[in-house]
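Student: I'd like a close look at one part of this model. Could you walk me through it slowly?

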Amino acid sequence: MIAWQMLRFAVGGLAANKVRSALTMLGVLIGVASVILLLAVGNGSSVAVKNSITALGTNSLTVSSSALRGSATAAKKLTVDDAKALATAAASDSPAIKSVAPVVTTTGTALYGNISYQPGSIVGTYPAYFETSNQKVAHGDYFSGDDVLNARKVAVIGSTTAKQLFDTEDPVGKSITIGGTPFTVVGVLQTKGATGFNDPDDVVIAPLPTVQNAFTGFGSLNQILVQASSAETTAEAQSDITRILMGTHAIQDATKVDFRISNQTSLLTARESTTKTFTVLLGAVAAISLLVGGIGITNIMLVTVTERTKEIGIRKALGAPRRVILGQFLAESTLLSVVGAGLGVLAGIVGSHFSIVGIKPVVIPESVLGAFAIAVAIGLFFGSYPANRAASLRPIDALRHE
Amino acid sequence: MAAGKPPVIQIRRVTKSYGHGDATVHALRGPSAPDGSPLGVSLDIEEGDFVAVMGSSGSGKSTLMNILGCLDVPTAGRYLLDGIDVGHLDEGQLSLVRNRKIGFVFQSFNLVPRTTALAQVELPLAYAGVRAAERRRRALAALSLVGLGERAGHKPNQLSGGQQQRVAVARALVTSPAMLLADEPTGNLDSHSTEEVLGIIDRLNASGRTVVMITHEDEVARHAKRVIRLVDGAIISDVRQAEVDGPPPALAVEVGV
Ligand SMILES: Nc1ncnc2c1ncn2[C@@H]1O[C@H](COP(=O)(O)OP(=O)(O)O)[C@@H](O)[C@H]1O
Ligand SMILES: [Mg+2]
């Protein structure tokens, strides 16, 4: 009953200065909303990295050529022979290697009817590429080893490319022309979704010799994609690859290899920890704005107490106990922070539906509860100083206040 | 009045001074000792009495009243209210005393801004922990007593000065305090409103409430049973105009006519 009374006094007190109360609440609102939103952005980017780890495919190792430092001879490029050596080893004495896919990448413009579109990349490879890079066909089929052997002009296209070229039409069985070469579309890949860096769905994948024949020539490869047999054997697979390629490239010194094996999963794991740091930093910035909002409450409550000193004196003369005065002003400051925080939660959640700098925010439920609780605590904490000042005024001093 | 009942107010050698050293102002000093030091004011007020405190501006009337109302503490001396030494009470007990035993009326009304007359009068009851329904009933009764039953929903800025002061009186008497202290209650009022407010105070005193009222108008002091005059913080005269047990002079005249 007394609590209800206090709440009514508090609402009355705040309503007496609507603009001021609204601005103070706005401070808390911005603080809470930014905590929720910035943490959601940080979290969203780490979720995106996590997704791209799964999108990359399991246990994949990428072999690419690297410049040889301190050597007179130019780096030997990766070739189909290297890939074949790896594949042979995989079949015989190297159980850590599950499959091998040589990769060439190029760009070009694809035509379908009178529609022209430039896909993000055109990839020439072996069927093993699909599993290694975690690309699944949603509709139609993969191209086969037979297609590779016969250098057939077939292609599997990503969902973005399919949308651009065919819109709602079914691409399977249709023919597209890339750089003068007609390709028959045999399959459309499942959508993976953009990860913020590039669009893995904007791609045309065709048999290696077909792409080499039409565009890149039969020279070097861009990469060799190797799938380890399991997560545990990636290190073993890596050393097998090094050993075999040192053989094919005739290198004795392990420090002078002319190729690089990158384990994308570990790379991305490192990037994930970077995004965590990023999230913490964002959270810290947001927390500061919440603190500033809290200081705003203290400021406004101090003004309120000064303005209402006479009223406090009247109430004391009527026998208001210390705790009632304390409670009244604490109720006001807490109400400011609760309403501000409530609206902040709302704003944060609404705001997180928009993508920010290419990142889709993912709200952390704990951050909502946490930001709300902290804001309310801040209201109590920052309101307690002015409230205490009000409550400990001597009645006669308060009454004499001008 | 039962014989032997102690006075409701007893002050003993009370002084109040502001400032230090040469700049000291003795707002209450009482008679001077042979060496010139203040001896302090002593005063007893019986239950049911109606005392007017008079004196020129700066003579220490408000200072005395604020001490009686437990709003201020004396520099020296003792104050017994209903036999209790107020100087020994802590902050919480003092707020109880202010709430239950004293009703204060100020010259400048001192209503809580933006608050309806009803809520205004309910305030002391709310601080006393009275339930909402009971609070409302008693507040409405107090407001009708001062003739403002119809104005319960009005805020201070919607009321005339006289009406505001009547709300303040209703607020002061709603807890049925032992005494009503009024510091120039009619100082800011026109003659008509003065009559209304004094009429209410007369009736309250007639019903047994002790009243102490500051005024500098003889016209107003005529309503009191006893008139005390202050000069420079000391009592220089103390005149009884009517018996403590009888009706206040204003009402007695009406009966006499
Ligand atoms: N808070 C104060 N600080 C300093 N002097 C004060 C204060 N209050 C009152 N006084 C002084 O005490 C004397 C008595 O004041 P007061 O009791 O208000 O007089 P009255 O009500 O009779 O006009 C005056 O001289 C006044 O200046
Ligand atoms: Mg005065």
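Student: Which residue in strand 8 of chain B does B:V105 stand opposite?

Tutor: B:V105 stands opposite B:A182. Before going on, note that this is a predicted model, where local features need pLDDT of at least 70 and side-chain atom pairs count only at pLDDT 80 or more, while totals for chains, interfaces and linings use all residues. Residues are numbered from 1 along each chain as its sequence is written, chains are lettered from A and ligands numbered from 1 in the order in which they are written, and side-chain values use heavy atoms, leaving out hydrogens and water.

Now, the strands (DSSP runs of E, at least two residues, numbered from the N terminus). Strand 7 of chain B covers residues 102–105, and four bridges join it to strand 8, residues 179–183 of chain B. The two run parallel, and they count as paired because DSSP finds at least two bridges between them.

Both faces of strand 7 are covered.

Let's follow B:I102. Among the residues that B:L68 touches (heavy atoms within 4.5 Å) are B:I102, B:M179 and B:L181. B:L68 also touches B:I9, B:I11 and B:Y79.

Conventions:
Buried < 20%, exposed > 50% of the residue type's maximum accessible area, 1.4 Å probe, protein only. Lists of a residue's contacts leave out its neighbours within four places in sequence.
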